[in-house]
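Subject: Structure handover

Hello,

Here is the structure I said I would pass on. My notes on what was found in it follow below.

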Amino acid sequence: MNPVKLLRQKIYQGSRKYNFNASADTDAIETFEVAFGLELDPLFKNFLELCDGGMIMEYEASFYIDMTEDEPDSPKNSSNYFFTLNEIQEYYIDAKLFSWFFEDDFEGVYPLIPIAKTPDHQLILMLSQNMMSVESPLFLAKEGDTVENIHPCAENFDSFLEKYIEHDGFPPLPINTYISLSSFINNHDILEGCVGKESYEAIVQRTTAMISLFPKDAWAYNERGIAHRENGHRNLALQDFNTSITLEEKAFFYFCRGDLLSDHGSSRKALIDLDIAVKLEPGDHLYLCSRAEAFFKLGHYDKAITDCNSVLAENGIDELALMVRCRAYRAIGSHEKADADSALLDDLQR
């Protein structure tokens, strides 16, 4: 029998050791997948649609009555516990934030999804299904492990759930150790599926889903705004940049809005935003060069040159600073200085 159907049958029989939640909302599952660029194993999605996390407890519920007053999570901590969809999301964000198992500079869709934990606090993980063409094994990992010393605890979710029910919630782990996570990732080109340029539509869909999960996620609004801008939707971009700044006053958000305004002829408004960006992060060369460009468009050539000089004092071959300064020098009639900047630019671009 399909193990999810078997679990449903066991739950309906009313065993007091079976402590599972009501079903997860199908739309919520889909939103989670879209927001993070993941695809859950179909059988695991069926499991969530049956019960949004839970466990087969070691003892019947009556055993924990006195204990749970002081330790409400005692049954959960002593069982092989399946996370709720919200808990999966929280564990996933933490893992992604710290690039657990991967290099600190890892970029792309984080492929490992924590779905459960063991009584000794090891995580049970599966790989996102859209990263590969085979079913994902389940991997057993603890904090500090690396991809080289992590091995599967089950061939797939189906076999794990079958063993889980067969052993009344406490299957022997690991069930097999036939290959390391590192080898599996390399053999199936998992990381290649984690990176790559998203289409405009995909970015908007993902960030919109993220916003539905986290309405105050300023970075999601800003990322969607950048996508809108790159695809010519100025008003949509401006709306998202406005929202991101309302939620969180980050220099980068002011830069994005200021740069958009500058490109569309609103140099005075752009200068206000770019000035704020520079004040929030005075050492950022991009913000200084962008403010210099706004100064130039408004005819404040000396101020444009001052910003460019600040950048070039630290990096004498910054091309953006040289280009803006070259034009500013010409505007004030300093043609020899402009020619020197122009010659240096030509050398750099050869």
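I start with the cysteines. The sulfur of Cys153 lies 17 Å from the closest cysteine sulfur, in Cys51, which is too far for a bond. A disulfide here is a pair of cysteine sulfur atoms within 2.5 Å. Cys153 is buried, at 0% relative accessibility; buried means under 20% relative accessible area, exposed means over 50%, and partly exposed is in between, with a 1.4 Å probe and protein chains only. Cys326 is in no disulfide either, since the nearest cysteine sulfur, that of Cys308, is 10 Å away. Cys326 is also buried, with a relative accessible area of 10%. Over the whole structure the search finds zero disulfides.

Please note that this is a predicted model: local features need pLDDT of at least 70 and side-chain atom pairs count only at pLDDT 80 or more, while totals for chains, interfaces and linings use all residues. Residues are numbered from 1 along each chain as its sequence is written, and side-chain values use heavy atoms, with hydrogens and water left out.

Next, the aromatic residues. The structure holds 21 aromatic pairs. A pair means rings of Phe, Tyr or Trp (its six-membered ring) with centres within 6.5 Å; planes under 30 degrees apart count as stacked, over 60 as edge-to-face and the rest as tilted. Phe47 and Phe82 form a tilted pair, because their ring centres are 4.7 Å apart and their planes are at 50°. This pair links distant parts of the chain, 35 residues apart: Phe47 is in helix 3 (residues 42-50) and Phe82 in strand 3 (residues 81-82). Helices (H or I, at least four residues) and strands (E, at least two) are DSSP runs, numbered from the N terminus. Phe47 is buried at 0% relative accessibility, and Phe82 is buried at 1%.

Trp219 and Phe252 make a stacked pair, with ring centres 6.1 Å apart and planes at 20°. Trp219 belongs to helix 10 (residues 218-230) and Phe252 to helix 12 (residues 251-263), 33 residues apart. Trp219 is partly exposed at 43%, and so is Phe252 at 27%.

Phe44, Phe47, Phe82, Phe157, Phe160 and Tyr164 form one aromatic cluster. Separately, the charged end of Arg327 sits over the ring of Phe296, 4.8 Å from its centre; the criterion is NZ of Lys or CZ of Arg within 6 Å of the ring centre and within 35 degrees of the ring normal.

The largest pocket is lined by 32 residues, and Lys96, Gly108, Val109, Arg206 and Glu223 lie nearest its centre. A pocket is an open set of points on a 1 Å grid over the protein atoms alone where a 1.4 Å probe fits, with protein on both sides within 12 Å along at least five of seven lines; lining residues have an atom within 4 Å of a point. Helix 2 (26-36), helix 6 (85-97), helix 9 (200-213) and helix 10 each give two or more residues to the lining. Helix 2 gives the largest share, five residues.

Finally, the backbone. Phi of His121 is near 65°, a positive value in a residue other than glycine. His121 is in the loop between strand 4 (112-117) and strand 5 (123-127), and is exposed at 51%.

Regards
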